[in-house]
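Hi,

Here is the structure I promised to pass on to you. Have a look at it first, and then read my notes below.

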Amino acid sequence: MSKLAAAMNASPAAPAAAAAGPPPAGGPGRLLSTSLVLSVLFLAMQAATLLTQMVIAARFGASAEFDAYLASSTLPQFGLQVVVSSLPIVVLPLFVEHSLASGEDEAWLVTSGAVNLTVAGLAVIAVLGILFAGPLLRLTAPGLAPHQHARAVTLAVYLWPALVLTTLVSLLSAVHQAQGRFAWPGVVPLVGAVVSLAVILGLSHTLGVTAVALALLLSAAGQVAILAALTAPSRRYRFGFHWSHAGVRRLVMLALPLLVANVVMRSTPIVDRYLGSRLAEGSIARLEYAWRIPLLLGLLVSNGIGTVVFTSLSHSAATRDLAGFRATVSTGLRYTMLALAPLVALGIALASPLVTVLLQRGRFGAADAATVATLLQIFMLATVGAALGMIVGRCFYALKAMRLLAIAGVIEALAYAAYAPLFVRWLGVSGIAWATVLYFDFSITWALLLLRHRTGASGRGVARAALQCSAAALVAGATAWWIARLSLRPLATLALGAGAGFVVYAGALALLRSPELRAAWLALTAWWRGRDLARGDTPGVPPGPGAAS
């Protein structure tokens, strides 16, 4: 028996209050329907984000000005990743746990103290970041020209406060999700993306790249305002640090090792920007454009499923439901692979027309498009580890295995800092992309093996789904690659290649009798018809072979 199974069986029974709080996902039917709604909202948000990237590419291209913006945003984004990768995933399971044991008033008291401590600490960091922007940039982007450095310093005034507000958005969204409220946390980022697009469209001609930094700040402020308005009516949010409460101290002690470790774990973008600043002008911008597309696709697939799965995993861990935990993990992984596999294959096969259609206009020329397309093909391979990592990482967080993740993450980040410069020396700017692939895909390999050991799962269902999806995706990718070789216009190539690729992928999975494809189709049609999937009992939507594996 695994360590997790022993811990669950040896623990006392859950209290009577266990009936309260958010229920488990309820099986593939409910998970898929809820995930689908979140994914639709997320798709709309990412569509606005993609439009924003298209506007930025046309206005700034791979210019020195945009390099300066990206260099200035490196440390604020690093701080955001450190906090967002640590606190919300600690807050959500503990909110569920306190709700089950003592009621939501107690859960709100603990959470409010943690949020207030975080905001106060980040406010101090933001002030220091603005005051010492110049020296910090000389450390993180030493290759910037003097005029780029000066521009980057001025942008810090907008980017550091945005760090504080964006973190607050993440924490408040996590609390809503812990209560089983997924709609508004899905709508709010969409509103923020629209605000950001509007600001850049309206002000970039007059303010230049400063409009991009201002858009980030105003977008975060708008999202905080909406979530604060949604939280206020309950009158449960408490101002103050509440340090005397044992729950607040426990939350901090759980998060602190992860926060410290994430300072190292999330440092890989700093390494990338440092190396990119020493390459040809525009290298930082080209890497950013190339990474944005696979990042969008990976988040589109894993965001909705990961959000629903995490709440269910937290509930299963809190109630010592090992079988439910294993079933949720298996379901989340299998349906993530179902959606992810064709996107990776088609993204590689259609990289050139995709970049041309999306980005090649204005100051973003043909040479930029060719370089970005090559980088995109490499980055697509990292999407596998990045997307599946969002599911697997949440599994360890739900188990409160923070120390394990911290140690492994630190080792991986230190290794990345060692091998990434070697890759750049051998391969130039493509070396950063290949280093990213190694980082993500090696990480997900050991994490899956360890999770299988910790939960006692056989893994047969996940392995079968991986083989079926991979085989079908290879056939779909080959079809799209052949179409891309035809002498068609980029938009026609993209539309025909993607359409044919998805049809071939679905057909191949049907021939392989994939239970995930059938379940996804039934859940989609039921959702379209407005049927109630709340109990996850949609006819014909089985967990599939190995659901608990």
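Let's start with a pair of helices: the axes of α14 (residues 351-359) and α19 (residues 490-511) come within 8 Å and cross at roughly 125°. Axes here are lines fitted to C-alpha atoms, for helices over the stretch in contact, with angles from 0 to 180 degrees between N-to-C directions. Helices are DSSP runs (H or I, at least four residues), numbered from the N terminus.

This is a predicted model, so local features need pLDDT of at least 70 and side-chain atom pairs count only at pLDDT 80 or more, while totals for chains, interfaces and linings use all residues. Residues are numbered from 1 along each chain as its sequence is written, and side-chain values use heavy atoms, leaving out hydrogens and water.

Back to the pair: Pro-353, Leu-354, Thr-356 and Val-357 of α14 meet Pro-490, Leu-491, Thr-493 and Leu-494 of α19, where contact means heavy atoms within 4.5 Å. Six of the residues in this contact are nonpolar, two are polar and none is charged (Ala, Val, Leu, Ile, Met, Phe, Trp, Tyr, Cys and Pro count as nonpolar, Asp, Glu, Lys and Arg as charged, and the others, Gly among them, as polar).

Next, α3 (residues 64-84) and α10 (residues 246-265) have axes that come within 8 Å and cross at roughly 145°. In α3, Phe-78, Val-82 and Val-83 meet Leu-259, Asn-262 and Val-263 of α10. That contact has five nonpolar residues, one polar and no charged.

Enjoy exploring!

Note on methods
Helices (H or I, at least four residues) and strands (E, at least two) are DSSP runs, numbered from the N terminus.
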